[in-house]
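Subject: Structure for your review

Hello,

Here is the structure I promised to pass on.

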Amino acid sequence: MAEKPVFVVHISDETPSALEARVLLARATAERCLHTHNGLRMPLGIYNISVGRVTDKISRLSSKLENYFDKVRSVNPESQNNYDDEMQEVVDYIELALYAAAEHVDDIDSIATWFFKNRTLRDRDQAYRQLQKAIKKNKKFVAAAANAIKHQQSRIRIFSMEYSQASASGCLHGYFIEGVVDGVVGPSATFHRHQAVFSVNTLVWEIIVFLLCCSRDLATFLKSVVSEFIGPVRANDTGLSRALAVAVRLPSYTFGEEHPLSRVTLHIGVPRGGLPSQLAQALYGSLNNPWLKDVPVRLGTSISRYTGDGVSRSFLRIDLKNMVPYYWD
């Protein structure tokens, strides 16, 4: 069994980048680089813009989710309807985060492609083929989800379930990609064959893990095709650090699906003075305010937030009774 990839990411923009491709691109010489001749930015520029777009969407999605967790603490109609705008913002940023991640795949290909004089040489190159194979594995979920939303009207819908543990209570939120089976609107059969709902926080971590793995795979490719590296050159991770600082404030749990962090070993570094002050009031179930291990989580009433289309009359009721706390050990 292959060992899990290990990543060290810091909640501070004063530390070296955890994105290995960024470090190498900052040190790469321009030899063999044909990007500007083909109307593109230099590779580091392409990468910085692309990563910045992804981390910005992750940060904004996490902030919208934090606000939604804080405000929507019941599934009663009054509580739900009062925060329709907040729910729509969450849905919008889920979609935007998926689009940005899917576009990151294209940006990586643009970086790799123009280290070759033509596509024939590129396609024959072993390092390029290995990169394509690795990225295909990394992008499987985000690319398919973005494509379904864009081309198949598979909208994102929000699921909420009440919970309590000791003196804490509120709502756990999930999402599902909508589909239609025999005229009945419900979770897509393509994405939800085994799991009706995914936790909203797992999507944030899915994209963070995707970004880290893609960066490592691109770095492996660069070591093969770049003629010379200079340096060392310091490359900071302002965007990723900020995204991480918001992500760890969210409650961490699944509805039974695999947690993205189970596929990697992630070490989170904090500043020498300890956790930043903004983490002190983190939501229940988060890194700094964890679930209790010796007290069961009680699950209550749930609701699926479908949107009528004026024609459909049948909507699948999601009967979900499984919730797994994620412990930050």
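A nonpolar core here means a set of buried Ala, Val, Leu, Ile, Met, Phe, Trp, Tyr and Cys residues joined through side-chain atoms within 4.5 Å. Please keep in mind that this is a predicted model.

The largest such core holds 96 residues, and the members that touch the most others are I94, F115, L212, L218, F221 and L222. Helix α7 (residues 200-225) is the main contributor, giving 17 residues. Leaving aside residues up to four places away in sequence, I94 touches L61, I156, I158, Y175 and L203.

Next, the charged pairs. The search of the whole structure gave 15 salt bridges. In one of them R249 pairs with E66, with the closest N and O atoms 2.4 Å apart. R249 sits in the loop between α8 (238-247) and β6 (253-254) and E66 in helix α2 (residues 43-71), so the pair links distant parts of the chain, 183 residues apart. R249 is buried, at a relative accessible area of 14%, and E66 is buried too, at 15%.

R263 forms a salt bridge with E206, the closest N and O atoms being 2.7 Å apart. Because R263 lies in the loop between β6 and β7 (265-269) and E206 in helix α7, this pair ties together parts 57 residues apart in sequence. R263 is partly exposed, with a relative accessible area of 31%, whereas E206 is buried, with 16%. R263 also forms a salt bridge with E258, where the closest N and O atoms are 3.1 Å apart.

Finally, a network of salt bridges links R53, E103 and D107.

Regards

Technical notes
Residues numbered from 1 in each chain as written. Predicted model: local features only at pLDDT ≥ 70, side-chain atom pairs only at ≥ 80, totals over all residues. Heavy atoms only, no water. Buried < 20%, exposed > 50% of the residue type's maximum accessible area, 1.4 Å probe, protein only. Helix = DSSP H or I, 4+ residues; strand = E, 2+ residues; numbered from the N terminus. Contact = heavy atoms within 4.5 Å. Salt bridge = Lys/Arg side-chain N within 4 Å of Asp/Glu carboxyl O.
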